[in-house]
Amino acid sequence: MSKILAPALLVVILLAAWEAAVRAMGVPAYFLPPPSGVATALAENLPSLLGAAWITLSTAVVALVIASLIATGLAVVVGLNPLLEAAVRPLASVLQVTPVVAIAPLVLIWAGIDHPERAIVALAVLVAFFPIFSGAVTGLRAADPDLERLFDLYGARRWSRVMRLRLPSAVPFLLEGHKVGAGLAIIGAVVAEFGAGSGGVRGLAWQILDAGNKLQTARMIAALVVLGIMGVALHALLELAERAGLSWWRGR
């Protein structure tokens, strides 16, 4: 219970201090609205914000599924050939360190200006790919050495070794990689929406841009609040999935 009450109490104290400071110093609402103003904006724009949140969330989920399939499949193939791993890993690292904003214009052109949703999914996939791939590759190496020698003793083929020994051993690493990848998929989707910036995809990023252009700061912060709640909820859901997956893995 204290784990819930402590952060909740801190949030209440911070909001109260924010409200009091803004009112005492007479800060203009367009510069920094009080929490009460943000709450009002959130209530007034809740339907549109929830619709935008669904667009961003669905984009992130689709991107996570695609990234999962590509990253896990590639990790399994790489696990069969160490030379291929040495060739693929540097390219995966390059994708990880390349800012999404830098390549967003190129991907938008390749996907078609009239179809920004394709570019946003592709960019979110690029962001979510590396932690899943890295976790899968690390997990495939984490098999018990004694079991590895047992498979050697029975002359197991590479494919049988990967599917029956290394892939089951990689489950904890895959779960952790997907948990990290899910958060990055949301970040990638939002950043990609900022890059698109045309209103073709009216997710939470578009809501923030539109509110900013109109100096509706309270609505901007309300959109950020919805984005934060969405991220926390997704993270909590994946935490539960990870615990269930690990419980199954330990009991198999």
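Which residues are exposed on the other side of helix 8? I looked up Trp159 and Arg164 there, and both are exposed (over 50% relative accessible area; buried is under 20%, partly exposed in between, with a 1.4 Å probe and protein chains only). Helices are DSSP runs (H or I, at least four residues), numbered from the N terminus.

The model is predicted: local features need pLDDT of at least 70, side-chain atom pairs count only at pLDDT 80 or more, and totals for chains, interfaces and linings use all residues. Residues are numbered from 1 along each chain as its sequence is written, and side-chain values use heavy atoms, without hydrogens and water.

I then checked the buried residues of helix 8 (residues 158-169) and found Arg161, Val162, Leu165 and Ser169. They lie on the same side of helix 8, because their arc around the axis is only 130° (taken from the directions from the helix axis to the C-beta atoms).

Next, aromatics. I found one aromatic pair (ring centres within 6.5 Å for Phe, Tyr and the six-membered ring of Trp; planes under 30 degrees apart are stacked, over 60 edge-to-face, the rest tilted). Phe129 and Phe133 are stacked, because their centres are 5.4 Å apart and their planes at 15°. Both sit in helix 6 (residues 116-140), four residues apart, so about one helical turn separates them. Phe129 is buried at 8%, and Phe133 is buried at 0%.

Last, the core. I noted 54 residues in the largest nonpolar core, where Phe133, Ile186 and Leu204 have the most contacts (buried Ala, Val, Leu, Ile, Met, Phe, Trp, Tyr and Cys joined through side-chain atoms within 4.5 Å). Helix 6 gives the largest share, 15 residues.

Terms used:
Helix = DSSP H or I, 4+ residues; strand = E, 2+ residues; numbered from the N terminus.
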